[in-house]
Amino acid sequence: MNKKYIFMFGSLIIALGLVIAALVTGDDIVTYLMIFFCVGLGLALLRLVVNGAIKKMKGKSIWTKLLFFTVLLGFGLPFQNWFRKDVIFAMDSDYIVRCIIITVMGIIFMTFLFGMLFTKKRQMQVEVDVDK
């Protein structure tokens, strides 16, 4: 089995295990876990989009690059500060570790899933180009 599948399904199993364990024990953390898993999925997509945009920056002027990073940091840093102060530090300290773990599992899962999807899409485009 490919390492990508192992990481992807391993992260999904860990995330599902955390949610199922919270459901079985009746913790109030279930909603937090679902929210943080979705946050992890969103962070993975954001990372992939930003990496793709950075790859397209080759050959652009320095002002375009500076504008891109200024806008990126202008939106990212205040959101990060709000999320850290008003969400993570405001929650019960018993929940923080499990929420961070499930966020990381969401990031790992979505990164590998989209990596596989884009690889298959590129392979299909190559096959179509070869046929022409």
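Predicted model: local features only at pLDDT ≥ 70, side-chain atom pairs only at ≥ 80, totals over all residues.

User: Which helix gives the largest share of the lining of the largest pocket?

Analyst: The largest pocket has a volume of about 540 Å³. Of its 17 lining residues, Leu43, Leu46, Gly76, Phe79 and Gln80 are the closest to the centre. Two or more residues of the lining come from each of helix 2, helix 3 (62–88) and helix 4 (93–131). The largest share, nine residues, is that of helix 3.

User: Which helix gives the most to the lining of the second largest pocket?

Analyst: The second largest pocket has a volume of about 170 Å³. Its lining includes Leu48, Asn51, Thr111 and Phe114. The elements that contribute two or more residues to this lining are helix 2 and helix 4. With five residues, the one that gives the most is helix 4.

User: How many residues in the lining of the second largest pocket are polar?

Analyst: Among the residues that line this pocket are Gly52, Lys55, Gly115 and Arg122. The lining has three nonpolar residues and two charged ones. The number of polar residues is four.

User: Why are helix 1 and helix 2 described as roughly antiparallel?

Analyst: Helix 1 (residues 3–25) and helix 2 (residues 30–55) have axes 9 Å apart and pack at an angle of about 160°. Angles over 145 degrees count as roughly antiparallel. The relation of helix 1 to helix 2 is therefore roughly antiparallel.

User: What is the handedness of the crossing of helix 1 and helix 2, and which residues make the contact?

Analyst: The crossing of these two helices is left-handed. Helix 1 brings Leu12, Ala15, Leu18, Val19, Ala22 and Leu23 to the contact. The residues of this contact divide into 10 nonpolar, no polar and no charged. On the side of helix 2, the contact is made by Val30, Leu33, Met34 and Phe37.

User: How do helix 2 and helix 3 lie to each other, and how many residues of their contact are nonpolar?

Analyst: Helix 2 and helix 3 pack at an angle of about 165°, with axes 13 Å apart, and they are therefore roughly antiparallel. Helix 2 passes helix 3 in a left-handed crossing. Phe36, Val39, Val50, Ala53 and Ile54 of helix 2 meet Phe68, Phe69, Leu72, Phe83, Val87 and Ile88 of helix 3.

Conventions
Residues numbered from 1 in each chain as written. Heavy atoms only, no water. Axes fitted to C-alpha atoms, helices over the stretch in contact; angles between N-to-C directions. Helix = DSSP H or I, 4+ residues; strand = E, 2+ residues; numbered from the N terminus. Parallel < 35°, antiparallel > 145°, perpendicular 65-115°, else oblique. Left-handed = near helix turned anticlockwise from the far one by under 90°. Contact = heavy atoms within 4.5 Å. Nonpolar A, V, L, I, M, F, W, Y, C, P; charged D, E, K, R; others polar. 1 Å grid on protein atoms, 1.4 Å probe; cavity = no way out; pocket = protein on both sides within 12 Å on 5 of 7 lines; lining within 4 Å. Points joined across faces, edges and corners; volume = space filled by probe spheres on them.
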